[in-house]
Amino acid sequence: MWFAAYDDPRFVPVVVGTTAISMLAFAVFAAPMTWIAARDPLSLRRFRIQSRRPREQQLVASSIARWLGNNLFLLGLVVAAWPLLAMSNLRLDAPPSALVAVAQVVAFIYVDDFLYYGVHRGLHSPFLYRHVHSVHHTILTPWAVTGHFMHPIEFALTGALALLPATLLGVHVSVLWAWVVWRQWEATEGHSGYDFPYSPSHLFPGSDGARHHDAHHARVKGNYAGFFAYVDGLFGTFARGYVRGKKLE
Ligand SMILES: [Zn+2]
Ligand SMILES: [Zn+2]
């Protein structure tokens, strides 16, 4: 019964496909954004979030190692949990209309960021901070490549969180993939050190783009939402000196 779940035709596209797409999306987004931070071109300085020059980043090689290790760890967990996931309504049949697909992805973007706020605040409790989340806060002035630089438990938690709404709702696998690609853009942009006004994250009401999470790394306390500043506004947890749309002094 338990093992029969692995004969399900959705197993490979949902578990292996989603992991591969997620890893590839992060690599494709993070490589050029990291190159920009390393080169610090004059023409892009006005988009740089922090006023100081990016520090020489010591974490490039270890970030790549963590990207690989964390994704393989999460893949193992999802493979083990597949018999549970297989009970969901994740679908391989005809994909929904573009309008429905976009509406579902946008809903996931808002729901995930809201839930992430709660989990992230929990990670800042003294015990979890010391044993888990402090790894991610090694990064003070992030570069895009550091987006997956975190403790495996934190990576598994955020990964499970991202999968939860899509699994509960039972969406088409193509919608899951589109959502995961977007989620990797969030992970990349939030750590890129640059706020480009034409980034798609600025299309979402309530968002402050990459500035929001960058300020979290600079201050450590406050700005717990992913990129939706409105959530921290709602709970009164802005980082010290943080003003939406402005550089941190
Ligand atoms: Zn971060
Ligand atoms: Zn944090």
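Helices (H or I, at least four residues) and strands (E, at least two) are DSSP runs, numbered from the N terminus. This is a predicted model, in which local features need pLDDT of at least 70 and side-chain atom pairs count only at pLDDT 80 or more, while totals for chains, interfaces and linings use all residues. Residues are numbered from 1 along each chain as its sequence is written, and chains are lettered from A and ligands numbered from 1 in the order in which they are written.

**View 1**
The chain holds eight helices and zero strands. Its radius of gyration is 18 Å, close to the 18 Å that the globule rule gives for 249 residues, so the chain is as compact as a globular protein of that length. The radius is taken over C-alpha atoms, and the rule is 2.2 Å times the number of residues to the power 0.38. Along the principal axes, the C-alpha trace spans about 60 × 35 × 35 Å. Buried residues make up 36% of the 249 residues. A residue is buried if 20 or more other C-beta atoms lie within 10 Å of its own, exposed if 12 or fewer, and partly exposed in between; C-beta atoms are placed from the backbone. Of the contacts with a separation of 6 or more, 70% join residues 24 or more positions apart. Two residues are in contact if their C-beta atoms, placed from the backbone, lie within 7 Å.

**View 2. The largest nonpolar core has 15 residues.**
Such a core is a set of buried Ala, Val, Leu, Ile, Met, Phe, Trp, Tyr and Cys residues joined through C-beta atoms within 7 Å. Phe26, Phe29, Ala30, Met33, Ala37 and Ala144 touch the most other members. Helix α1 (residues 11–39) gives the most to this core, with seven residues. Another core, of 14 residues, lies apart from it; Val105, Ala162, Val171 and Val180 are among its members. Not counting residues up to four places away in sequence, Met33 touches Ala144, Thr188 and Ser192.

**View 3. Helix α1 packs with helix α2 (residues 60–85) at an angle of about 165°.**
Their axes are 11 Å apart. Axes are lines fitted to C-alpha atoms, for helices over the stretch in contact, and angles run from 0 to 180 degrees between N-to-C directions. α1 and α2 are therefore roughly antiparallel to each other. Angles under 35 degrees count as roughly parallel, over 145 as roughly antiparallel, 65 to 115 as roughly perpendicular and the rest as oblique. The crossing of the two helices is right-handed. A crossing is left-handed if the near helix is turned anticlockwise from the far one by less than a right angle, and right-handed if clockwise. From α1 come Phe11, Val15, Thr19, Met23 and Phe26; they meet Trp67, Asn71, Leu75, Val78, Val79 and Trp82 in α2.

**View 4. Helix α3 (residues 98–123) and α5 cross at roughly 150°.**
Their axes come within 9 Å. The two helices are therefore roughly antiparallel, and α3 passes α5 in a right-handed crossing. On the α3 side, the contact is made by Phe108, Val111, Asp112, Leu115, Tyr116, Val119 and Leu123. The α5 side includes Glu154, Leu157, Thr158 and Leu161. Thr158 lies in α5 (residues 152–169). With 24 C-beta neighbours inside 10 Å, Thr158 counts as buried. The C-alpha atoms of Thr158 and Asp112 are separated by 9.1 Å, and these residues are 46 residues apart along the chain.

**View 5. Helix α7 (residues 210–219) is mostly covered.**
Eight of its ten residues are buried. They are Ala210, Arg211, His212, His213, Asp214, Ala215, His216 and His217. What covers them includes α6 (173–189) and α8 (229–235).

**View 6. Val220 and Asn223 lie in the loop between α7 and α8.**
Val220 follows α7 and has a positive phi, near 70°. With 16 C-beta neighbours inside 10 Å, Val220 counts as partly exposed. Asn223 also has a positive phi, of about 55°, although it is not a glycine. Asn223 is buried, with 28 other C-beta atoms within 10 Å.

**View 7. Asp232 is found in helix α8.**
Asp232 is buried, with 23 other C-beta atoms within 10 Å. Leaving aside neighbours within four places in sequence, Asp232 is in contact with Gly222, Asn223, Tyr224, Ala225, Thr237 and Phe238. Asn71 is 161 residues from Asp232 along the chain, and their C-alpha atoms are separated by 29 Å.
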